[in-house]
Amino acid sequence: MQKHESRVLRTIGQPPRFEEFPDPVAGKNEAIVSVRAASLKPIDKQMADGSHYAAFRELPAVCGVDGVGVLEEGTRVFFGGPRAPYGGMAERTVVARMRCFPLPDTVDDATAAAIFNPGLSAWGALKWRAELSTGQSVLILGATGVTGRLAIQTAKLLGARRIVAAGRNERALSALAELGVDATIRIGDSKTDLVEQFARELQNGIDVIIDYLWGAPTEALLAAIVRSDLQQASSRVRLIEVGQSAGAALSLEAAVLRSSRLEILGAGTGNAPASPEAWIDAIHQMLANLAKGALRIETERVPLAEVEAEWGRERPGRRVVFIP
């Protein structure tokens, strides 16, 4: 059996290694993809360290939930969901044909590999789960990260009236005005100060909260939402839980839900649309917005062979893209 170079995970909690892995063989309705680019995303790290609900159950396995490559007939595609144990961080992988989407020549490999996962995540959270309408206001927790920045841009495209960005990095927060942010909240050491900042913005009116943090920052937000009177809450608020970079769990008081019109929803694979047409439409809209400059993402190209050195490195605001 032939082998190819891949990013192989052998132990949960340890970085994958750059080594040989058996070549995939396509089954019915599958395609072999020669990979040209694959990005390093939080979900890839979480699946490898066991913290994601879809973490690897059998090892060894190749990391990477998606990427960009070329089919055997020569079509350049974005692909998602390679068949286990194969992944996108490899020279070759195997994917269901229905999960391969042709790419226009106007979008380069690195950009396409970097933007699809966070871009579709932001779209799904705002459009499908929050059902954001024109004129509504959005608060984004974790706005300085790659997906948070795309959520800002997507909210603007969907007609958000006001966007509030919350994050830890003060310097990164100050740069978000160019993306259309109206106000910022720095997540610092003082919970009391953070609760007060959240409370002020909630008084201004927040319809949708997109949460990439969870944990302590979200607990502070919930403390700002809970009411201390018997009056009816004036407006509905949808909190969409997407990520957990600040913690996998939190404490939720019953009074938060009983005293407000807060609705907590999750955005992930378990509640994504089953209709292929919905995904195709989202992809086409994202590509169109990317082509006209309405969506932007910063990337850094890194050879796949440097996987172990790159695995634990932080690159705020930009996405690492491995090139086989």
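Visitor: Why does E19 count as buried?

Guide: Its relative accessibility is 17%. Buried means under 20% relative accessible area, exposed means over 50%, and partly exposed lies in between (1.4 Å probe, protein chains only). So E19 counts as buried. One caution before we go on: this is a predicted model, in which local features need pLDDT of at least 70 and side-chain atom pairs count only at pLDDT 80 or more, while totals for chains, interfaces and linings use all residues. Residues are numbered from 1 along each chain as its sequence is written, and side-chain values use heavy atoms, with hydrogens and water left out.

Visitor: What makes R17 and E19 a salt bridge?

Guide: The term asks for a side-chain nitrogen of Lys or Arg within 4 Å of a carboxyl oxygen of Asp or Glu. In this pair the closest N and O atoms are 3.3 Å apart, so R17 and E19 qualify. R17 itself, at 38% relative accessibility, counts as partly exposed.

Visitor: How many salt bridges does a search of the whole structure find?

Guide: The search finds 15. Another one of them joins the side chains of R83 and E30, at 2.7 Å from N to O. This pair links distant parts of the chain, 53 residues apart: R83 is in the loop between β6 (76–80) and β7 (92–96), and E30 is in strand β3 (residues 30–39). The names come from DSSP runs, numbered from the N terminus: helices are H or I runs of at least four residues, and strands are E runs of at least two.

Visitor: How do you know whether R83 is buried, exposed or partly exposed?

Guide: Its relative accessibility is 32%, so R83 counts as partly exposed.

Visitor: Which side chain meets D44 in a salt bridge?

Guide: That is K41, with 2.9 Å between N and O. Both D44 and K41 are buried. Elsewhere, salt bridges that share partners join R10, R17 and E19 into one network.

Visitor: Let us turn to the helices. Why are α2 and α8 called oblique to each other?

Guide: Helix α2 (residues 109–129) and helix α8 (residues 276–291) pack at an angle of about 120°, with axes 10 Å apart. The axes are lines fitted to C-alpha atoms, for helices over the stretch in contact, and angles run from 0 to 180 degrees between N-to-C directions. Under 35 degrees is roughly parallel, over 145 roughly antiparallel, 65 to 115 roughly perpendicular, and the rest oblique. An angle of about 120° falls in that remainder, so α2 and α8 are oblique.

Visitor: Which residues in α2 meet α8?

Guide: In α2 they are T111, I115, F116, G119, L120, W123 and W128. They meet A278, W279, A282, I283, Q285, M286, L287 and L290 in α8; contact here means heavy atoms within 4.5 Å. The residues divide into 12 nonpolar, three polar and no charged. Ala, Val, Leu, Ile, Met, Phe, Trp, Tyr, Cys and Pro count as nonpolar, Asp, Glu, Lys and Arg as charged, and the others, Gly among them, as polar.
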